[in-house]
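Have the viewer ready and follow the points in order.

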Amino acid sequence: MSFTKNLIHGTNFDHTSLNALQKVALRGVVMSFLFFGLLAIEGMIMRLVKLGPTNPLPDMFSHASHFFAIMTAHPIVGIFGSTYQLVFSAFIFLVPFLAKKPLYSVKLANATWLLITIGTALAWTAAFAWHYAPLYTLYWPLPADTKQFYAIGGIVFIVGAALIMVGTLCFIYNIYATIFARVGVHKNKTTKELLISGFGIDGMLNLWHKLTGKPPYSKEPALSLPVVAIFRGTVDTFLDALVILSAGVLVLVYLIFTAAGHQLDVTTIDALLYKNYFWWGLDLVADGLVLIYVAGSWYLLATIITGQKLFMENVARAALMLELLVSWMVWSHHLLADQPQPEMMKLISGEMVTAFELLTQGLALFITLVTLWKARPLKMTMELKYLLGGLVGFGLAVPAAIIQADMGMNRILHNTTWISFAHFHMALIVGLYMTLYSAVYVLWPLVTNNTEMYSKKLSNAHFWLYFIGGVGMGAFVGMAGLQGALRRHLYVHGEFHTLFTLGAIFGSMIVIAWAIFLYNIVMSVGIKGLIGIFLPAQNKSASFGIEEEPAAA
Amino acid sequence: MTFQNSVELLKFHNVAYTIYAFMIVSIIAWFGYNLTRKEKAKSIIRIPFYGYIAFLVVGGVGHHIFTYNTIPWVQEDMMKDEITPDKVFHITIANHKWQLPKTPMVVNCKKPTEFIVESGDLMYGFGLFRQNGTMVTQMQVDPGHKNKLMWTFNFPGTFNLTSTEYSGPAQYSEDGKDLLFVKNAVKVVGCDKKGGNE
């Protein structure tokens, strides 16, 4: 097939053959990868600025207001515009597929990707047009500081963030309404049975019955393990959305009053109390839903890749419950450098409970590896390669965080590039995204009706460039943190030059990898197919792989 | 084993984490290679499940026990209210400007020193850095609170000060100069010459 033909028509992709569920899932995926491109370019701009006088960019990027506006937009685009969309789209497809029943509402799923896309675009616009730059942490009272920022920029940013959270709530409602719908295989299940399974209590009871020599509490749990992980992770997604929304409302009230000429007193809000509240919610993303969703994804991928049952499934179910409880109690590790924070909270929440994440994530790693090992020999498919890459990412990133979640280490690592690169860029770029790429390769034939990928060579090139780029950038910029480089600081005079240069070189590999991936996808589905994904589906079915029951008369 | 300053600690940390990073990448690479082989792989080491769990628990908790016993500023920080400092420095910050003590901040070696920093508007950071840019110590400066940092310097040196927390673009001039950077803000004197410089 010629280049032009591929570019327009793809390989064998036929968007008219897709049903409503497949299309709505793909819409979020397309938006997610477009936002990923923006994210990668923003990241590269920041990496280049830090090269100092040798950087090839126009001067405006090195100005503090511009630089920190990019730094503010970057995580919004990355976490919500890209990651949330990709994860939500995958789950919108997976929950009905795994639970063998239709999605509660395709309309609500459309609202989800649209609201998150518009919200992300608004937040980005606030940073781009008005240089609104309080960073994603929104430390009080900076987001309401109208001496440094235009109130209108703040209002647009907060409205954008609020739309993202409303989109998130639409997703949550849709997921729970689907899980609790008493149709199909769950026709005869009670809400209590579904709740017990969703929280993993059946797994715990099975373990207890085994220890006491009784027959299993439940031989066939009501919900499959990946659905349990989605159920559990979504609890944190909900709590996090409430916290971010309420913090947004607070900032909005202050900004609107200022815009109306009535300045409110920012000292009414205790900055430390606000920081605790905000980090409790924000940490539910980092240490809650991400880790739980990831563990669930590993289990799903391992079982699909091997075609076998998960090793130690009951332990995995119970561990997901533990992870949920742990995720509610670890936020204080973000406040180890805050001296007025009570020492007991630092010690118990910041250090001890946080250390449990090593246990829960280590357990997920172990279960996944053993499940794969027991099924060998396996073919080294793209999905397996990416899954192993994801395991490496978290294998590197989680201990890096545990090391810093310590009163001794935090004193010299807090707010350095160690935490932003050796930990969370490593966790997100390598750990989370490689897991998600694995899921993309697993789900690809299902959501596209067996569309052939344009080039395996390009898939491999993407994998290696992305993996080496992600690990290399995380490692070298992380090492700069050990030499005193601060993560939220403007360096334009060539400080930490060698390590920042290496970081930029490896960072550029991620941008190239993204371009290769996008090219491969566009050549597989074609521009016509890409547009077709956004056209209404002829087949209105909201399920996949099952015969839908006729509607009740 | 005791780490006298952040340089010693970070050197140790750098080596230990680099070894760990190579180890985890190698293990997964070995694992991936053997997943595809038809011949049964020889186990290098057999780790029982409960042994692995114990290793994770010991690793997570033991790390804190290790640092508590080897990093002197952990105990000092936890006991700061019961320690009488040799010197106390009161510092305030507002509108992206430090108000430092009128006399230079000269600190006696191996004596606990307390820095009390208060912010009149935003959240800042208080960080001391060596001349080569490496960090000595830091804390967050929460507005509306007295932020107290107790610190004992074990080596002589002159340290620079800047904010370790982002407080908006007003921290920088048009050409990217850090306006909160104070050269030679703290000087440590009275150390045994054998100890060398920071």
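1. A quick word on terms before the helices. Two residues are in contact if their C-beta atoms, placed from the backbone, lie within 7 Å. Helices (H or I, at least four residues) and strands (E, at least two) are DSSP runs, numbered from the N terminus.

2. Some housekeeping. This is a predicted model, in which local features need pLDDT of at least 70 and side-chain atom pairs count only at pLDDT 80 or more, while totals for chains, interfaces and linings use all residues. Residues are numbered from 1 along each chain as its sequence is written, and chains are lettered from A and ligands numbered from 1 in the order in which they are written.

3. Start in chain A with helix α3 (residues 64-99) and helix α8 (residues 225-259), whose axes come within 9 Å and cross at roughly 135°. That angle makes α3(A) oblique to α8(A); angles under 35 degrees count as roughly parallel, over 145 as roughly antiparallel, 65 to 115 as roughly perpendicular and the rest as oblique. Axes here are lines fitted to C-alpha atoms, for helices over the stretch in contact, and angles run from 0 to 180 degrees between N-to-C directions. Where do they meet? On α3(A) look for A:Phe91, A:Leu94, A:Val95, A:Leu98 and A:Ala99, and on α8(A) for A:Pro226, A:Val227 and A:Ile230. That contact has eight nonpolar, no polar and no charged residues (Ala, Val, Leu, Ile, Met, Phe, Trp, Tyr, Cys and Pro count as nonpolar, Asp, Glu, Lys and Arg as charged, and the others, Gly among them, as polar).

4. α3(A) also packs on helix α14 (residues 417-447) of chain A, at an angle of about 40° and with the axes 11 Å apart. α3(A) and α14(A) are therefore oblique to each other. α3(A) brings A:Thr83, A:Leu86, A:Ala90 and A:Phe93 to this contact, and α14(A) brings A:Leu432, A:Leu436, A:Ala439, A:Leu443 and A:Val447. The tally by class is eight nonpolar, one polar and no charged residues.

5. Now over to chain B, where five strands make an open, mixed sheet in the order β3-β9-β8-β5-β6. β3 and β6 of chain B stand at the edges with a single partner strand each, so one side of each has no neighbour in the sheet. From one strand to the next the twist averages 25°. Strands pair if DSSP finds at least two bridges between them.

6. Walk through some of those pairings. Strand β3 (residues 105-108) of chain B runs parallel to strand β9 (residues 182-189) of chain B over four bridges, with B:Val106 opposite B:Lys187. Strand β8 (residues 157-162) of chain B is antiparallel to β9(B), again with four bridges, and B:Gly157 faces B:Val188 there. β5(B) and β6(B) are antiparallel, joined by six bridges; B:Gly127 has B:Gln138 in β6(B) as its bridge partner.

7. How do the chains touch? The contact takes 58 residues from chain B and 59 residues from chain A. On the chain B side, α1 (6-35), α2 (49-70), α3 (72-78), β5 (124-129), β6 (135-141) and β7 (147-152) each supply at least two residues. The largest share, 13 residues, comes from α1(B). By class, that side has 28 nonpolar, 23 polar and seven charged residues.
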